[in-house]
Amino acid sequence: VFDDGALVALLGDAMPMLDERGNTRGAVGVFVDVTRRKRSEEALRESEERLRLAMNVANEAIWEYNPVSGAALWIDASARKFASPGLLEDAAQRRIDRIHPDDASRVAANWGRALCGSGDAWEAEYRMQRADGSWADVYDRAVITRDPTGRPVRAVGAMLDVTERNRAKEALETANRQLRQLSQDLLRTQDYERRRIARELH
């Protein structure tokens, strides 16, 4: 603590000073002010915590893939709905195996084109099996990092479960179709009644 009340973080190291008989006569110490480093570390922790909270609120499963080694990693706790318990560090093939058979070839081809291309973004919507065995509609997207030669070296993605959204969309489309059908039936009924009344009057 300085005279002005400011607090600083210090990193220190000390060595004993010995006389010719080996007795300790004092010590020499070096202290380094690491306040800025500590503040940076704290700011990084706070930033990571805000990101974690935001991801939990968004209900997105964050994943990372290394195209060089083929390793795939689920990063956050939200991924547990898709990864088997204890298997958050999931092999890439195991993750692919969880894609619905009717979607797997399309998604694999889409992903392969993204990696072999020159772009830095990828997205797809498909069905994926949850850890409990049920199927989810997911919207998946990733940012691809490349080395100076253009080779992909890293991909970080976010997968959002859109099952409820799609169900709500389907329900709305069904309701709209039913409403259109009812409107057409009503128009036909009105037309029929007009013609019937006209015949009776003549």
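User: Leaving aside its neighbours within four places in sequence, which residues is threonine 163 in contact with?

Analyst: This is a predicted model, so local features need pLDDT of at least 70 and side-chain atom pairs count only at pLDDT 80 or more, while totals for chains, interfaces and linings use all residues. Residues are numbered from 1 along each chain as its sequence is written, and side-chain values use heavy atoms, with hydrogens and water left out. With those neighbours set aside, threonine 163 is in contact (heavy atoms within 4.5 Å) with Arg130, Ala136 and Asp137.

User: Where does threonine 163 lie, and is it buried or exposed?

Analyst: Threonine 163 lies in helix 4, residues 163-201. Helices here are DSSP runs of H or I with at least four residues, strands are runs of E with at least two, and both are numbered from the N terminus. Threonine 163 has a relative accessible area of 5% and is therefore buried; buried means under 20%, exposed over 50% and partly exposed in between, with a 1.4 Å probe and protein chains only.

User: What lies 2.9 Å from a polar atom of its side chain?

Analyst: That is the backbone nitrogen of aspartate 137.

User: Changing topic: how many residues does the largest nonpolar core have?

Analyst: The largest nonpolar core has 22 residues, and among those with the most contacts inside it are Trp63, Trp111, Tyr126 and Met159. Such a core is a set of buried Ala, Val, Leu, Ile, Met, Phe, Trp, Tyr and Cys residues joined through side-chain atoms within 4.5 Å. At least two residues of this core come from each of strand 3 (60-65), strand 4 (72-74), helix 3 (101-116), strand 5 (121-129), strand 6 (135-146) and strand 7 (152-161).

User: What does tyrosine 126 touch, not counting residues up to four places away in sequence?

Analyst: Its contacts include Arg95, Ile99, Val107, Ala136, Asp137 and Met159.

User: And how many aromatic pairs does the structure hold?

Analyst: There are three. Rings of Phe, Tyr and Trp (its six-membered ring) pair if their centres lie within 6.5 Å; planes under 30 degrees apart count as stacked, over 60 as edge-to-face and the rest as tilted. Tryptophan 63 and tryptophan 111 form an edge-to-face pair, 6.0 Å centre to centre with 75 degrees between the planes. This pair joins strand 3 to helix 3, its members being 48 residues apart.

User: Why is the pair of tyrosine 65 and tryptophan 111 edge-to-face?

Analyst: Because their planes are at 65 degrees, with the ring centres 5.9 Å apart.

User: Which residues do ring pairs link into a cluster?

Analyst: The cluster consists of Trp63, Tyr65, Trp111 and Trp122.

Key
Polar contact = N/O pair within 3.5 Å; in protein donor to acceptor, adjacent residues only side chain to side chain.
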